[in-house]
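Student: Hi! Could you walk me through this structure and keep it simple?
Tutor: Happy to, let's look at it together.

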Amino acid sequence: MIYKNLNNENIKVNFKNALMRGISSDMGLFYPEKIPILSSVFFKNIINYTKEDIALYIIKNFISNKEINETNLQKIIHHTLNFKFPLIKIHDNIYSFELFHGPTMAFKDVGARFMSQCLEYFIHKIQQKITILVATSGDTGGAVAKGFYDIQGIEVIVLYPSQGVTNIQETQITSLNKNIKSVKIKGSFDDCQLIVKKAFIDMDIKKKYNLTSANSINIGRLIPQTFYYFFLYKYLKKYYDINNQKIVVSVPSGNFGNIFAGLMSKKMGLPIKHFIASTNINDTIPRFLKHHQYNPKKTIKTISNAMDVSNPSNFTRIMYLYKNDINLLKQDFFSYSFNDEQTIQNIESVLHKYKYIMDPHGCIGYMGLKKYNNIKHDVIKIFLETAHPMKFIDFLPKHISKHINIPNNIKHIMTKKHQSLVLSNKYKNFKEWLLNR
Ligand SMILES: *Cc1c(COP(=O)(O)O)cnc(C)c1O
């Protein structure tokens, strides 16, 4: 598969290049030259395939045999997916698809692990040392750190803000050490992101470091996220016996990577009728769908911190998928926003009525389903539960948090010491540190 640069479609790169560069030097996003249409036989037989079979079948369309052969892809996939993806009925026709059973308890583990192993495979061949620089609002940092932990030839530097990160998120970022370095920036996520952006174009830094980014615009994180939607379809067919019901999926969205993967899956032939992009009060996209004006505001902090994004990078890809035609997009795509108060209320009422505890992100997905009433009959509604509620325990009121069970692997992490360097939000301080360490 070849990837084109959306800023200049004449510039084309292979998977390896798209992966290593993350974004092109003119800030253009990489995009599959041709989105494959999968065979109807595959969809018909999907219930007989394991999750590894499904993933391999999909990924082979995006990475050629010459770049990574099938045996190696199989290994990578096996390691990426070695945890469960339960689909749980909550009430009526509403289901929760739990994507948080990986090592850092957020859905980002799949993308981060897949990307890290592909990179490891390529740098092993070229014998270069690379440094991954990543800014996080909370979940990305932990997933990327864990995904790259102890991988030869790769060093990871995670920048995270002093404000708005939960305790467990901070522990996940800071407790690994070895090839993982964490830097706490006195400021916001936007400050961290700005520092990272500047570093990528700084010649002094480029002389000393071979930098790569691992944020969610990287094709290596994006493509494996399509797997979820195919697994979902398989489970619906296998365990819930769907027939002619239309499938509607609500995706808690921040940078719109996960939902882009869903829309791309639809394009590949997966029969999902509608997608709902559910957001917190950082509502640029719901407003855009309503007024047809793209007008990002300053980012506001919420209890669903992984979605505190007001200018989602992957939305460009979504628009491109729909020929930059908003009316075409609106046939498949809906978007609603919710505030923290509504989030807490709904977590509480679902807990009370159905004994199921959602995290703030998943709850926003749930509320999106409740609000959607485009087709009333014969529809099956799924929200993606993107994180374990435990990760957000310090953002929830006591009467809710006391019901959250802390999994053993997290208990074990909680006792670890935090170790990070603290820097101001000035680029010059970061640069000085990076060049003199
Ligand atoms: C990152 C994240 C999201 C948002 O995903 P995008 O692909 O950026 O839209 C939602 N929920 C959780 C828990 C996350 O960590």
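Tutor: One term before we start: contact means heavy atoms within 4.5 Å. Helices (H or I, at least four residues) and strands (E, at least two) are DSSP runs, numbered from the N terminus. This is a predicted model, where local features need pLDDT of at least 70 and side-chain atom pairs count only at pLDDT 80 or more, while totals for chains, interfaces and linings use all residues. Residues are numbered from 1 along each chain as its sequence is written, and side-chain values use heavy atoms, with hydrogens and water left out.

Student: Great. Which residues of α16 and α17 meet?
Tutor: From α16 come Q342, T343, N346, I347 and V350, and they meet P360, C363, I364, Y366 and M367 of α17.

Student: And at what angle do those two helices pack?
Tutor: α16 (residues 340–354) and α17 (residues 360–371) pack at about 85°, and their axes are 9 Å apart. Axes here are lines fitted to C-alpha atoms, for helices over the stretch in contact, and angles run from 0 to 180 degrees between N-to-C directions. The angle makes α16 roughly perpendicular to α17. Angles under 35 degrees count as roughly parallel, over 145 as roughly antiparallel, 65 to 115 as roughly perpendicular and the rest as oblique.

Student: What classes of residue are in that contact?
Tutor: The contact of α16 with α17 has seven nonpolar, three polar and no charged residues. Ala, Val, Leu, Ile, Met, Phe, Trp, Tyr, Cys and Pro count as nonpolar, Asp, Glu, Lys and Arg as charged, and the others, Gly among them, as polar.

Student: New topic! Which residues of α20 are buried?
Tutor: In α20 (residues 427–436), the buried ones are Y427, F430, K431, W433 and L434. Buried means under 20% relative accessible area, exposed over 50%, partly exposed in between (1.4 Å probe, protein chains only).

Student: Where do they sit around the axis?
Tutor: They cover an arc of only 165° around the axis, which puts them on the same side of α20. The arc is that of the directions from the helix axis to the C-beta atoms. K428 and N436 are exposed on the other side of α20.

Student: What covers the buried residues of α20?
Tutor: The cover includes strands β6 (130–135), β7 (154–161), β8 (180–185) and β14 (421–423), along with helices α8 (189–200) and α9 (203–208).

Student: Now a loop. Where is Y372, and is it buried or exposed?
Tutor: Y372 is in the loop between α17 and β13 (379–385). Y372 counts as buried, at 1% relative accessibility.

Student: What does Y372 touch?
Tutor: Leaving out residues up to four places away in sequence, Y372 touches V248, H274, I276, F334, Y336 and K381.

Student: Last one: how far apart are L6 and T316?
Tutor: They are 310 residues apart in sequence and 8.7 Å apart in space, C-alpha to C-alpha. L6 lies in the loop between β1 (2–5) and β2 (8–14), and L6 is buried, with a relative accessible area of 17%.
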